[in-house]
Amino acid sequence: MEDPNRPVTGYPAPNAHHPNGYSGNPPPSGPAYPYAAAPPPNAYYNYQNNPYYPQGYQYDADSVRRATCLRRIFAFVIGLVVIFGTITFIVWLVLRPQLPEFRVDSFSMSNFSLGNNSLVSFTSEVRLTARNPNKKMTLAYDHIDAVIFYKSDSLSQTTMPPFSQDTKNETSLTANFAAAGSFVDKSVVDGINGERGKNGNVNFNLRMLSRVRFESKAWRTRRRFLKVFCGDLFVGIPANGRSGALTGGPKQCRVGI
């Protein structure tokens with residue numbers, strides 16, 4: 001009878017079942033693993049080797065908050081511009097502001113003298129009519145600077161007082177000029193003498209510059225520069241020391257801002 005306390009010696013039977021799942025033969029020598037090798041890492045998700053992944057990137061919450069704040073500010077400003085533009089367009093549709101109209105009614109010169117020494121002397125009076133064509137807007141003018149030109153050369157200038165105009169209103173204006181021995185270019189002397197020698201008429205221009213504001217009850221615009229040009233004002237002055245007046249009747253002026 002075998003002793004139960006005797007240790008078991010020898011190898012298991014050839015077909016015996018191994019507790020680790022091997023067959024009766026022992027596993028081969030050398031490095032061996034019971035599991036398959038892990039698959040190689042995907043290069044696209046390998047952030048260390050991906051050139052498009054910023055190395056050492058750190059999330060900055062303050063930068064994100066600042067960017068969000070700037071986007072909101074830009075959106076708010078754009079919204080204000082759109083709202084203001086819409087309101088302005090609606091007001092323009094309702095009020096329909098129109099530029100004023102100017103007309104030269106008379107243009108007289110007295111004691112006109114022009115010598116070969118290029119000195120010119122005269123006194124002049126220009127009467128104009130300013131008309132406000134607007135039905136819902138009044139006009140407020142600052143002082144008006146007026147200048148008499150021969151072609152592009154200034155001969156005399158003056159300042160007219162400020163005034164206001166009600167809707168559909170016409171206002172008479174008077175501008176007085178004087179030149180006492182003012183020097184002019186030789187081209188002016190030759191041009192004026194040449195025109196007087198032909199038919200006795202000299203072509204002058206009148207330019208005016210003023211600041212004007214359109215008003216309608218609680219709504220008003222900022223002051224804008226108003227430019228008035230009255231050209232082809234033919235005045236008959238056939239000789240020195242003579243007086244002359246506008247020929248051809250009243251002249252309409254061009255107005256712009």
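Let's start with a facing pair: D145 stands opposite L209 in strand 8. This is a predicted model, where local features need pLDDT of at least 70 and side-chain atom pairs count only at pLDDT 80 or more, while totals for chains, interfaces and linings use all residues. Residues are numbered from 1 along each chain as its sequence is written, and side-chain values use heavy atoms, with hydrogens and water left out.

Strand 4 (residues 144-150) pairs with strand 8 in the antiparallel sense, over five bridges. Strands here are DSSP runs of E with at least two residues, numbered from the N terminus, and two of them pair if DSSP finds at least two bridges between them. Strand 3 also runs antiparallel to strand 8, joined by four bridges; T138 stands opposite E215 there. Then comes strand 10 (residues 224-236), with 11 bridges to strand 8, again antiparallel. V202 has V235 as its bridge partner in strand 10.

## How enclosed is strand 8?

Strand 8 is largely enclosed by the rest of the structure, because 12 of its 16 residues are buried. Buried means under 20% relative accessible area, with a 1.4 Å probe and protein chains only. As a general point, side chains in a regular strand alternate between the two faces of the sheet.

## Rings that meet

How many aromatic pairs does the structure hold? There are six. Rings of Phe, Tyr and Trp (its six-membered ring) pair if their centres lie within 6.5 Å; planes under 30 degrees apart count as stacked, over 60 as edge-to-face and the rest as tilted. Take F107 and F204: their ring centres are 6.1 Å apart and their planes sit at 55°, so this pair is tilted. F107 belongs to strand 1 (residues 101-114) and F204 to strand 8 (residues 201-216), so the pair ties together parts 97 residues apart in sequence. F107 is buried at 1% relative accessible area, and F204 is buried too, at 0%.

Now for Y141 and F163: with centres 4.3 Å apart and planes at 20°, the pair is stacked. Y141 is in strand 3 (residues 138-141) and F163 in strand 6 (residues 163-165), 22 residues apart, which makes this a link between distant parts of the chain. Y141 is buried at 3% relative accessibility, and F163 is buried at 13%.

## A cluster and a charge

Ring pairs also link F107, F112, F122, Y150 and F204 into a cluster. R207, meanwhile, lies over the face of F149, 4.5 Å from the ring centre. A charge sits over a ring if NZ of Lys or CZ of Arg is within 6 Å of the ring centre and within 35 degrees of the ring normal.

Conventions
Buried means under 20% relative accessible area, exposed over 50%, partly exposed in between (1.4 Å probe, protein chains only).
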